[in-house]
Amino acid sequence: EFLRADGSEAVLPELLRRQELERMEKERRIRIFLTPEEAVAALRSLSREVAGLTYGWASPDHPDVTGEYLANVRRFLRHPLGEHVTALFWDFSSLPQKPRTAAEDEFFYQALKVMGDVYASLFGTIVIRHRSVPAQPAELDGEVVILVEKGGGLDGAGAEAELRSALGPFENPRYEEGRWRVRFPTHAAAEEAVEAASAAGALPGAIAVFLFYNGRPYLARGWTTFESAVSTEAIAWLAFFSGLGKLLEERLAPKVIEINGEGPRVAEAEDRAEEGMGPRNRRVIAAIQEAAFTGKGDKPVVVQLYREYATKVYNAMHASGEAQEGEYEGEYNVAGEYEWRGIGRYADGDIYEGEWKASNREGRGVLRFANGDVCEGEWKAGKFEGRGVYRW
């Protein structure tokens, strides 16, 4: 309601860090944040009244340099597609930003572990996606950031000569804690310097070198690719659980809404059901591996995060109680149920070979998932239970 209200542009003309919003809330005695109890209740209402924003940060210091993201979020909240939303997760304003206290750091990293749930939840959240990145303001042309290692030789004003030798001529050098910020005469010169500095060993002591304004497309970024994938993982599965899909379509607001461009609109389906989930999972992993990450070491972490969410969604769908369509080849009991040994081939591409009881996987067996994972061991009432091995 804080963002949706008439006149909120005057109260919050630009996006602020969480810490600044907390001070505003106290000083002006206005409501900006939900209490933890209210937030939990909104999530557990199972009505998708919590919105999570996925978008590409425009700069390392502030994600919304131009104000376009904030304007389009407000437009969504005031639109019929957003009128049911009572809570919003926006990383910059929902999580403590740097500089952080030790307590804020602990809170921040605790939140990172479950942040993907905001996008992945089938019942609790709606995802609002801003695919376009705002145009770069002219005043940021040529701006480059160099993140430096502590004690690596570049962390101090005395390293300017070394930077010039490696990067070429630049203007207005500023050393800030943990980084340099410099301006090149042209944006083309800045891009050339970044490319040259990114070569292995080109600038010892530098963690990363990048343009201050990040105009990289949404789907060329690692974290947004991950967010988009987990947002649509359960939706893709609904192709194989038609009863559940029909029920959700009738009772809930759409899961993903595009908010950039001409205005809020329901996102178009991106997956082809006839391919099964295996090709989708492989496409997502390949896209994450090809995407760009600012942080070193983020790529394998995010790939593993996606695998974990894909498994969570898989388990949730199969626990829904709706039988997935498929074919069975094997033995039956007198009641006509799958019993003893047989092979089940499912519509999503999974294949189970092993022992059955009353049409459930029970005993020893191997489940080969469409994404290439293999689960081999003991089963009970259709669930992997007891001793076994999971390979991915």
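Visitor: How many aromatic pairs turn up in the whole structure?
Guide: A search of the predicted model finds 22 aromatic pairs.

Visitor: Take Trp-223 and Phe-293. What kind of pair is that?
Guide: Edge-to-face, because the ring planes of Trp-223 and Phe-293 stand at 80°, and over 60 degrees counts as edge-to-face. Their centres are 6.5 Å apart.

Visitor: Where do Trp-223 and Phe-293 lie?
Guide: Trp-223 is in helix α9, residues 222–237. Phe-293 is in the loop between α11 (277–290) and α12 (298–318). The pair therefore ties together parts that are 70 residues apart in sequence.

Visitor: And Phe-293, buried or exposed?
Guide: Phe-293 counts as buried, at 18% relative accessibility. Trp-223 is partly exposed, with a relative accessible area of 33%.

Visitor: What about Trp-237 and Phe-240, how are those rings arranged?
Guide: The planes of Trp-237 and Phe-240 are at 75° and the centres 6.0 Å apart, so this pair is edge-to-face. Both Trp-237 and Phe-240 are buried.

Visitor: Which residues form the aromatic cluster with Tyr-328?
Guide: Tyr-328 forms one cluster with Tyr-332, Tyr-338, Tyr-352, Trp-356, Trp-379 and Phe-384.

Visitor: Switching to charges. Which ring does the charged end of Arg-18 sit over?
Guide: The ring of Phe-33, with the charged end of Arg-18 at 4.8 Å from the ring centre.

Visitor: And Arg-100, which ring there?
Guide: The charged end of Arg-100 sits over the ring of Phe-108, 3.8 Å from its centre.

Technical notes:
Residues numbered from 1 in each chain as written. Predicted model: local features only at pLDDT ≥ 70, side-chain atom pairs only at ≥ 80, totals over all residues. Heavy atoms only, no water. Phe/Tyr/Trp six-rings, centres within 6.5 Å; stacked < 30°, edge-to-face > 60°. Helix = DSSP H or I, 4+ residues; strand = E, 2+ residues; numbered from the N terminus. Buried < 20%, exposed > 50% of the residue type's maximum accessible area, 1.4 Å probe, protein only. Lys NZ or Arg CZ within 6 Å of the ring centre and 35° of its normal.
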